[in-house]
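This report covers backbone geometry, sheet architecture and ligand surroundings. The sequence and structure come first.

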Amino acid sequence: EFAKSKSISQQRQYLPIYSVREELLKVVRENQVIVVVGETGSGKTTQLTQYLHEDGYTNSSIIGCTQPRRVAAMSVAKRVSEEMETELGDKVGYAIRFEDVTSPNTIIKYMTDGVLLRETLKDSDLDKYRVIIMDEAHERSLSTDVLFGILKKVVARRRDFKLIVTSATLNAKKFSDFFGGVPTFHIPGRTFHVNILYSKTPCEDYVEAAVKQAMTIHITSAPGDILIFMTGQDEIEAACYALAERMEQLITSTSKAVPKLLILPIYSQLPADLQAKIFQKAEDGARKCIVATNIAETSLTVDGIYYVIDTGYGKMKVYNSRMGMDALQMFPVSRAAADQRAGRAGRTGPGTCYRLFTESAYQNELLPNPVPEIQRTNLGNVVLLLKSLKIENLLDFDFMDPPPQENILNSMYQLWVLGALNNVGSLTEIGWKMVEFPLDPPLAKMLLMGEQLECINEVLTIVSMLSVPSVFFRPKDRAEESDAAREKFFVPESDHLTLLNVYQQWKANQYRGDWCNDHFLHLKGLRKAREVRSQLLDILKSLKIPLTSCGMEWDVVRKAICSAYFHNAARLKGVGEYVNCRNGMPCHLHPSSALYGLGYTPDYVVYHELVLTTKEYMQCVTAVEPHWLAELGPMFFSVKESDTSMLEHKKKQKEEKTAMEEEME
Ligand code: ADP
Ligand code: MG
């Protein structure tokens, strides 16, 4: 135990930030707001909070530290609780949406910026905090950017309050200027040279290229761990699978001893225990190969990386004004991000970065910096939140970089369509209620429609299931079996109702884990949904909304679903092919949808989101009646006369058919 704690304190003293601890604390004492700049891994996130604690800032109050990513908030809180030798959730805790691991003892609280933003709704002066560290501000997440404007006011109102903004890159001047030219503190860096190698030609299949490169390094290069940057979970899984396969082939095809390779994926939806593995030392000298999203760019630092393989791509949420929605899209990374990625190879010693793109692409095609999220995503939540903070004219809000006016107007329009804003742009009664839920506006609307239509029990389950990663488990080697298991849950009119069905059956089977295994369902995901459900239920109770149920009358539930997705309503155009009712954008039914079970494709559907892969696929789809859209929604639907009459016609045909069949019997 002693040896362990000693090594942790030695590790702490080895970090670059330690050498400037006293100066840093002095600058904090003398200023209300400061900007701290330092290389990734210099100790900003794990040490700053502890230094402030050691300097007395937690005597009668607490320190909050925001992170743009959930994974970072959890992982860093765990690390700091270990360094401080306390249980996670005791003195050191974290809070992310739907998960609060803090207690009355907590003095250092890591949280996502979204959580802090919601806290400002209840306590606009953030009185509970003595210090807020806005960490990773350079990421410019949507919530961070809104917090900038809100915290600037808190700083002006509370003289006892301190704000520290940290940034990995040299974006510092902008932050300092925003707060009126506050001091910037630089942590001296300690990095090694990284040799950068480019592809000679643009690469066609970068997953394959990355796997090949990693294998080459593993077989021919000196010891040192490998870090590969990919865009998302699917690619990461494919790469890990391919790497494992290559290793196997190598072992069976040679009589020589093959050095071990430990393949470790990391992305935000990966369960926490698997995430933690990237920090552990590999056993018996194996080489680690970490396959990551841009989460490993700045949020998480792993020591011992000597080789970085950069595909040059990342995924970003982008508001597509033509589609009127956000879509996760693949983008070439910015030059700043590429340099940040390369830097990961030079933390422990001189390293190498393999860029799977050409030098000319780097020079001529990549943007110098990433576009802040506030300028590229849907602002529905932000608009709701700011309106509830009585900021009537959003264009007056103190944004560091204001979002395009078109985005604000589009988001307001969507909120108006949902009934959250009235004709003059103020919050309606429904709008005020929607703010209470930590949900995207459409899901909050679905819940409140569930209240009106007296099926809130069912809608609550659907909303909870939509708030967790997919619960369907689909191992590559048992794809057919798992698809068959999934089909058994299908409610043919609706993927949403299918989710409801899954949850209800799980409940009927006493929430058992072995039942989940038998049916190819993720127990963890379902448990998470159950937790989310109970938290949303608490909010409903606090609003005195009774838990009504429609039993098995699920058409009512479909109506509630319909009311949430007017912006995502689509009309049939061909087999499995739809067009968005509002803007005519094509959208396709995904082969995994329950609606294939209907045997025909319904004329009108609504969908949860559009996923852009090889085509624009609708994800989570429900068949709806055209008159619901006309009845519940605004009048932009071109539900043609002919469509309704066609429906009548079909119904008549069906009736005639059954009458005929009866007669024949
Ligand atoms: P910065 O915020 O400046 O990028 P951090 O404070 O996150 O730096 O990291 C400081 C050091 O702590 C790094 O060397 C990193 O490897 C280590 N570290 C951070 N989180 C963990 C963890 N969960 N487990 C083990 N080591 C960690
Ligand atoms: Mg950090």
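## Two residues with positive phi

Glu454 is found in the loop between α16 (441-452) and α17 (456-466). In this predicted model, the phi of Glu454 is near 55°, a positive value in a residue other than glycine. Most residues other than glycine have a negative phi. Glu454 has 15 other C-beta atoms within 10 Å, so it is classed as partly exposed.

A second case is Glu136, located in the loop between β6 and α6. Glu136 is not a glycine either, yet its phi is positive, at about 55°. Is Glu136 buried or exposed? Glu136 has 25 other C-beta atoms within 10 Å and is therefore buried, the threshold for that class being 20 or more.

## The sheet

Eight strands form an open sheet with mixed pairing, in the order β4-β3-β5-β2-β6-β7-β1-β8. Which strands stand at the edges? They are β4 (99-101) and β8 (184-186); each has a single partner strand, so one side of each lacks a neighbour in the sheet. On average, neighbouring strands of this sheet are turned by 20° against each other, with direction ignored.

Within the sheet, strand β2 (residues 62-67) and strand β5 (residues 108-112) run parallel and are joined by five bridges. Gly64 has Lys109 in β5 as its bridge partner. Strands of a sheet pair through backbone hydrogen bonds, in either a parallel or an antiparallel arrangement.

## Helices on the sheet

Helix α5 (residues 113-122) lies across β2, β3 (92-96) and β5, and runs at about 100° to β5. Helix α6 (residues 142-157) also packs on the sheet, where it touches β1 (33-37), β6 (129-134) and β7 (162-167). The direction of α6 makes about 145° with that of β6. The loop that holds Glu136 lies between these two elements, β6 and α6.

## Surroundings of ligand 1

How many residues surround ligand 1, and which are the closest? The shell has 17 residues, and the closest are Lys44, Thr45, Thr46, Arg79 and Phe279. Two or more residues of this shell come from each of the elements α3 (44-54) and α4 (70-83).

By residue class, the shell around ligand 1 holds ten polar, four charged and three nonpolar residues.

How values were computed:
Residues numbered from 1 in each chain as written. Chains lettered and ligands numbered in written order. Predicted model: local features only at pLDDT ≥ 70, side-chain atom pairs only at ≥ 80, totals over all residues. Pairing = 2+ DSSP bridges. Helix = DSSP H or I, 4+ residues; strand = E, 2+ residues; numbered from the N terminus. Axes fitted to C-alpha atoms, helices over the stretch in contact; angles between N-to-C directions. Contact = placed C-beta atoms within 7 Å. Buried ≥ 20, exposed ≤ 12 C-beta atoms within 10 Å, placed from the backbone. Near = placed C-beta within 6 Å. Nonpolar A, V, L, I, M, F, W, Y, C, P; charged D, E, K, R; others polar.
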